[in-house]
Amino acid sequence: MEARPFHALVVRKGADRRFSCAVEPRTLDDLPDGAVLVRVHASTINYKDGLSCQGHPAITRRFPHTPGVDAAGVVEASTDPAVTSGDRVAIISHAMGLTAPGGFGQYVRVPADWVMPLDDALSFEHAMAYGTAGFTAVLAVEALADAGVLGPGAQAVVTGATGGVGSLAVALLAARGVAVTAVTGKTDDRARAFLAEIGAAEVLARADVEDSSGRNMLLPRWDAAVDVAGGAALSTVIRSLCDGGAVAVTGMVQATAFDANVLPFILRGARLLGINAENTDAARRRAVWGRMATSGKPPALESVYTVVGLADLPAAVETVAAGRHLGRIVVDMRDPPPSPS
């Protein structure tokens, strides 16, 4: 084994069962076996990373642990002929960062089938501006397009619009000429300005949209929807779809359960489209990411994210876990490590 040093964010569980995270020195000896060694140039903070840093048992159970479900960088060594040293690659939507050390380290060692080549047109920064959240948003928007609900004059709604999946869904839909209503729990001027900048035609407070009347159907408002919330938000959206409308369901940040009845489905032909990025096969992943690098890249992509360095990662994770961020946070993993205190 090799003791080459690098730095990583490490989550530790204390004797009092409280969790802490800090950037620490590591070596390649700390990494698991794997066919491909990647020098990470960029990562990004996903919702699951925030949960992992908090020690959520449904996400991570073994500590110390390095989160980071996404990474982009350059292959330094490979024992698999399908992957070559020097290749530009990304690791997206696998077990990395959950049960194996992840992209919050400057090196990762992973199975070859986790590694996806990156199009030369896509920088590491833009790849991580997308990450798992962006990949999920693209799958959702493409599913809605395939359902035929994004035609001329289409009206769409996105719940959780200031989050990772939500903000990218707003930008992607707006790039297709769809009039997007962004629904969010953050209604301050900063959040409204952010959503307008990335393409929202209308911004509504979550409390003003969610319906608790118990009515089986509501007035038809939207042809299409991307829902990241579940719960009352999803229930309201389904009952508010126009004839033949569809909602792509991507998350459950509000709740896993939602109230529903059959009338929107049998009287309006409403459709519920489940989106699972992790189960997408390799061929489709490559095809989708090829479009994300070129024709599918939304003009507002650079407005969706901010960049932090490795030294600022612990504070940035806290911001995401507390729900105070807007859009995406890209982590520049090339930054020098913090100075010893």
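Helix 2 has a kink of about 70°, centred on Gly 131. The model is predicted. In the UniProt record, an unreviewed entry, residues 14–331 carry the feature "domain: Enoyl reductase (ER)". Over that range the chain is 30% helix and 25% strand. The end C-alpha atoms of the range are 26 Å apart.

**Helix 2**

- Helix 2 spans residues 124–146, which makes 23 residues.
- Its end C-alpha atoms are only 29 Å apart, while a straight helix would reach 33 Å at 1.5 Å a residue.
- The kink of about 70° at Gly 131 lies within this helix.
- Helix 2 is mostly covered, with 19 of its 23 residues buried.
- Gly 148 follows helix 2 and has a positive phi, near 80°.

- Six strands form an open sheet in the order 10-9-8-11-12-13, and their pairing is parallel.
- Strand 10 (202–205) and strand 13 (271–274) are the edge strands, each pairing on one side only.
- From one strand to the next, the twist averages 20°.
- Strand 12 (residues 241–249) pairs with strand 13 in the parallel sense, over 4 bridges.
- Across from Leu 272 in strand 13 stands Val 247.

**Strand 3 and its antiparallel partners**

- Strand 3 covers residues 36–44 and is mostly covered itself: 8 of its 9 residues are buried.
- Strand 4 (residues 71–78) runs antiparallel to strand 3 and is joined to it by 7 bridges.
- Arg 39 has Val 74 in strand 4 as its bridge partner.
- Strand 6 (residues 107–110) is also antiparallel to strand 3, with 4 bridges between them.
- Here Leu 37 is opposite Arg 109 of strand 6.
- Strand 15 (residues 328–332) runs antiparallel to strand 3 too, joined by 3 bridges.
- In that pairing, Ala 42 is opposite Asp 332 of strand 15.

**Salt bridges**

- Side chains of opposite charge can pair when their charged atoms come close.
- The count in this model comes to 10 salt bridges.
- One of them joins Glu 24 and Arg 12, whose closest N and O atoms are 2.9 Å apart.
- This pair links distant parts of the chain: Glu 24 is in strand 2 (residues 19–27) and Arg 12 is in strand 1 (residues 5–13), 12 residues apart.
- Glu 24 counts as buried because its relative accessibility is 17%, under the 20% cut-off.
- Arg 12 has a relative accessible area of 35%, so this residue is partly exposed.
- Glu 278 and Lys 48 also meet through their side chains, at 2.7 Å from N to O.
- Glu 278 sits in the loop between strand 13 and helix 8 (282–293), and Lys 48 sits in helix 1 (residues 47–53), so their pair ties together parts that are 230 residues apart in sequence.
- Glu 278 is partly exposed, at 40% relative accessibility.
- Lys 48 is partly exposed as well, at 32%.
- Arg 239 forms a salt bridge with Asp 211, with the closest N and O atoms 3.0 Å apart.
- Arg 239 belongs to helix 6 (residues 231–239), and Asp 211 to the loop between helix 5 (206–209) and strand 11 (222–227), so this pair ties together parts that are 28 residues apart in sequence.
- Both Arg 239 and Asp 211 are buried.

Notes: Residues are numbered from 1 along each chain as its sequence is written. Side-chain values use heavy atoms; hydrogens and water are left out. Helices (H or I, at least four residues) and strands (E, at least two) are DSSP runs, numbered from the N terminus. The expected span of a helix is 1.5 Å times one less than its number of residues. The bend at a residue is the angle between axes fitted to the seven residues ending there and the seven starting there. Buried means under 20% relative accessible area, exposed over 50%, partly exposed in between (1.4 Å probe, protein chains only). Two strands pair if DSSP finds at least two bridges between them. Axes are lines fitted to C-alpha atoms, for helices over the stretch in contact, and angles run from 0 to 180 degrees between N-to-C directions. UniProt positions are given in the numbering used here, feature names are shortened, and annotations may be inferred rather than shown by experiment. A salt bridge is a side-chain nitrogen of Lys or Arg within 4 Å of a carboxyl oxygen of Asp or Glu.
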